[in-house]
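Student: I have a model open and want to go through its packing and its chain contacts. Can we take it in short questions?

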Protein chains: 2
Amino acid sequence: MEKRNRTKYTVLGMLAIAPFTGYEIKKMIQTSTNHFWSESEGQIYPALIQCVQECLATCKEELMKDTRRVKKIYSITAQGKKVLNTWLKKEAQPTLIRNEFLLKLFFGKNATDNDNIHHLRHYQKSLEKEILTYEEIRKKLTTAHKNSPHLKYWLIALDYGFKVAKAELLWCKESLKLFN
Amino acid sequence: MEKRNRTKYTVLGMLAIAPFTGYEIKKMIQTSTNHFWSESEGQIYPALIQCVQECLATCKEELMKDTRRVKKIYSITAQGKKVLNTWLKKEAQPTLIRNEFLLKLFFGKNATDNDNIHHLRHYQKSLEKEILTYEEIRKKLTTAHKNSPHLKYWLIALDYGFKVAKAELLWCKESLKLFN
DNA sequence: GATCCCATGTAATCGGTTACATGATTCC
DNA sequence: GGAATCATGTAACCGATTACATGGGATC
């Protein structure tokens, strides 16, 4: 069985955009891919070290003049780009979702409908927030990265989240009607 | 930090419908909750044993007359129902998704558009299959469990998958247009 | 003075998948 | 004879989260 250390590719993909520190990569993931892909610090920093060991990235320590602190800025190598590209070509693994909220609804007969309604309303609220976030991110991206060749792909991925959340929201509202 | 051994609750939820063997629970998960919740044998069997140890379920070995083989049929206890109900009342943990396909699209600038189109088409096909599966399951459920008090909740959860897949499909088609 | 943000990491733990093992039955 | 399904489990491994540790700077 083939291993799938996806964190490595996530990190390489980010470094293919521009050189970054581990902290910056973490922030980027949180604000741009979080709705379909997340990583924690406990994975990102080791993955960066691993990339350097495998010559997929280089690390340059830089002294910040203003703060007198050292940042580790990672850059992708030609070898790293090759590895990333090879991975990108391969068929994606099927998505495994674990939606605890839906599981609880599925077992809803064992709860009270008050509980079920409460869960639905809560989910609905989080969806409404999510949709607003997508709209904000879209605005920010289209202005801040107007000429970036990556923008097209980022917007497609963003739109996925947006459209799915909209569909979920509609489903939520219709499901709530069934409890009246 | 609170632990979340969700397999235990999944198993209890299934046993709250009717007594089952581990194998049957596995099958049920595969055919009914798989689009939002999956479990593997390696989790189900230990979880069943754990439930018996914690007095949340009982196990009855039954000899099948025809096959002369022993089945372990598990039933939920009153205590088990209580534990399940308590869990059902609690707020659900937010869903963490890891969609490798979207991650690859997000990094699409580093691949060729041929690769991106190929991934999109592949995803589209799997969505179309998925949608057909939902329609089949709906038919089976509504006839086989016509009078079950669980049916309402099952259909709500099923409809979630159906509506989300439909939205994903639309997004797929629109995204493909961007590559022409 | 406290809190938040920048910044980098490690260690413990656990959740979950995969692979392996076994064996009987049924269907082709 | 071989493949698929029923049926139950174990062990190894690893992927991932969480918590912990550290410390400077900025902001309120």
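Student: At what angle do helix H7 of chain A and helix H7 of chain B pack?
Tutor: This is a predicted model, where local features need pLDDT of at least 70, side-chain atom pairs count only at pLDDT 80 or more, and totals for chains, interfaces and linings use all residues. Residues are numbered from 1 along each chain as its sequence is written, chains are lettered from A and ligands numbered from 1 in the order written, and side-chain values use heavy atoms, without hydrogens and water. Both H7 helices span residues 151-177, and their axes (lines fitted to C-alpha atoms over the stretch in contact) lie 9 Å apart. The packing angle, taken from 0 to 180 degrees between N-to-C directions, is about 150°.

Student: Is H7(A) roughly parallel or roughly antiparallel to H7(B)?
Tutor: Angles under 35 degrees count as roughly parallel, over 145 as roughly antiparallel, 65 to 115 as roughly perpendicular and the rest as oblique. The angle here is about 150°. Therefore H7(A) and H7(B) are roughly antiparallel.

Student: How many nonpolar, polar and charged residues are in the contact of H7(A) with H7(B)?
Tutor: Contact means heavy atoms within 4.5 Å. On H7(A) the residues include Ile156(A), Tyr160(A), Lys163(A) and Trp171(A); on H7(B) they include Ile156(B), Tyr160(B), Lys163(B) and Trp171(B). Ala, Val, Leu, Ile, Met, Phe, Trp, Tyr, Cys and Pro count as nonpolar, Asp, Glu, Lys and Arg as charged, and the others, Gly among them, as polar. The division is 10 nonpolar, 2 polar and 8 charged.

Student: Why do the copies meet through the same surface?
Tutor: The contact takes 66 residues from chain B and 66 residues from chain A. The surface is the same because the interface residues of chain B are also interface residues in chain A, at 100%.

Student: Which three residues supply 13% of the area that chain B buries against chain A?
Tutor: Buried area is the accessible area (1.4 Å probe) that two parts lose on being put together, summed over both. Chain B and chain A bury about 6800 Å² between them, with 63% of it on carbon and sulfur atoms. The three that supply more of chain B's share than any other three are Arg98(B), Phe106(B) and Tyr153(B).

Student: Is H2(A) oblique or roughly antiparallel to H3(A)?
Tutor: Helix H2 (residues 22-33) and helix H3 (residues 41-53) of chain A have axes 10 Å apart. They pack at about 135°. That makes H2(A), relative to H3(A), oblique.

Student: Where is Cys55(A)?
Tutor: Cys55(A) has a positive phi of about 60°, although it is not a glycine. Helices (H or I, at least four residues) and strands (E, at least two) are DSSP runs, numbered from the N terminus. Cys55(A) sits in the loop between H3 and strand S1 (57-63) of chain A.
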